[in-house]
There are 2 protein chains.
Amino acid sequence: MNSSAAQLDRSFLALSHPVRRTILERLAHGPATVGEATRGVAVSKPAVTKHLRVLEDAGVIVRHVEGRIHRLALRVDGLVDAESWLDEYRSLWEAKFDAVERHLAKGGKDGDT
Amino acid sequence: MNSSAAQLDRSFLALSHPVRRTILERLAHGPATVGEATRGVAVSKPAVTKHLRVLEDAGVIVRHVEGRIHRLALRVDGLVDAESWLDEYRSLWEAKFDAVERHLAKGGKDGDT
């Protein structure tokens, strides 16, 4: 399992920049070279290198080097921990919300403040 | 709608620290004072203040000030954009994965490389 707090930090950090989300959206359609994954993205080469490293460190993508071609692909379980955290959070929150609604539906009179 | 790129950046950044996730998990059970929401969390008061500001800036929590009591609560639509992005990403990725599986099931012989 990859779901340590530090891993979650890296996963959410990886998602917190539009260039990195663009790269992930492109790779969701299939593996791509660095050039393909970052085409039209208005950032410098060093910046691209930095963003790719953040994604690799988070375990969201892998890089296969074939000679001079660097091919990027998503890792199957790359964002599973982030999705799980958000799902669990949403469940907690919805359960609470449902309880409040039930309380209000009863007129909020049962002393359950 | 809150789903601009900058908003998504802030949402995912808000989730990228264990102290902030702890605060959100506690608030998912209902509103709480700053003291309740951060009880036992091993960080300084200035650090707590900073983390709360990140959460407020991201629109994930709101703060109600009643005299000296600062009460925190989740915003209903606080993480909707982040959840939507991840859902969409997962759909893209699963569609691709299904296509690859169908291809492999056919023996990968239809020339669709």
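This is a predicted model: local features need pLDDT of at least 70, side-chain atom pairs count only at pLDDT 80 or more; totals for chains, interfaces and linings use all residues.
Chain A is considered first. Its domain assignment gives two parts: domain 1 covers residues 3-75, and domain 2 covers residues 79-113. The C-alpha centres of domain 1 of chain A and domain 2 of chain A are 35 Å apart. The contact between them draws on 8 residues from domain 1 of chain A and 5 residues from domain 2 of chain A.

The area buried between domain 1 of chain A and domain 2 of chain A comes to about 540 Å². Carbon and sulfur atoms give 80% of that area. Polar links were then counted. Between domain 1 of chain A and domain 2 of chain A, 1 residue pair is in polar contact, with both residues at pLDDT 80 or more. The salt bridge count across this interface is 0. On the side of domain 1 of chain A that touches domain 2 of chain A, helix 1 (residues 5-14) of chain A makes the largest share, with 4 residues. The residues on this side of domain 1 of chain A comprise 5 nonpolar and 3 polar, with no charged ones.

The pairing of the chains comes next. Here, 30 residues of chain B are in contact with 30 residues of chain A. Together, chain B and chain A bury about 3000 Å². Of this area, 68% lies on carbon and sulfur atoms.

Salt bridges do occur between the chains. There are 6 of them between chain B and chain A, and the count over all chains is 10. One of the pairs is B:Asp9 with A:Arg21, whose side chains meet at 2.8 Å, N to O. This pair crosses between chains, running from helix 1 of chain B, which holds B:Asp9, to helix 2 (residues 18-27) of chain A, which holds A:Arg21. A:Asp9 likewise forms a salt bridge with B:Arg21, and the closest N and O atoms there are 2.8 Å apart. Polar contacts also join the chains: 6 residue pairs are found across the interface of chain B and chain A, both residues at pLDDT 80 or more.

Helix 5 of chain B gives the most, with 10 residues. By residue type, the side of chain B that touches chain A divides into 18 nonpolar, 4 polar and 8 charged.

The last point is how the copies are arranged. In general, a rotation about an axis and a shift along it relate two copies of a chain. In this model, chain B is superposed on chain A by a rotation of 180 degrees with 0.0 Å of shift along its axis, at an RMSD of 0.0 Å. That is the relation of a two-fold axis. Of the interface residues of chain B, 100% are also interface residues in chain A, so the copies meet through the same surface.

How values were computed: Residues are numbered from 1 along each chain as its sequence is written. Chains are lettered from A and ligands numbered from 1 in the order in which they are written. Side-chain values use heavy atoms; hydrogens and water are left out. Domain bounds come from an automatic or database domain assignment. Contact means heavy atoms within 4.5 Å. Buried area is the accessible area (1.4 Å probe) that two parts lose on being put together, summed over both. A salt bridge is a side-chain nitrogen of Lys or Arg within 4 Å of a carboxyl oxygen of Asp or Glu. A polar contact is a pair of N or O atoms within 3.5 Å; within protein, one must be able to donate a hydrogen and the other to accept it, and residues adjacent in sequence count only if both atoms are side-chain atoms. Helices (H or I, at least four residues) and strands (E, at least two) are DSSP runs, numbered from the N terminus. Ala, Val, Leu, Ile, Met, Phe, Trp, Tyr, Cys and Pro count as nonpolar, Asp, Glu, Lys and Arg as charged, and the others, Gly among them, as polar. Copies are superposed by least squares on the C-alpha atoms of residues with pLDDT of at least 70 in both.
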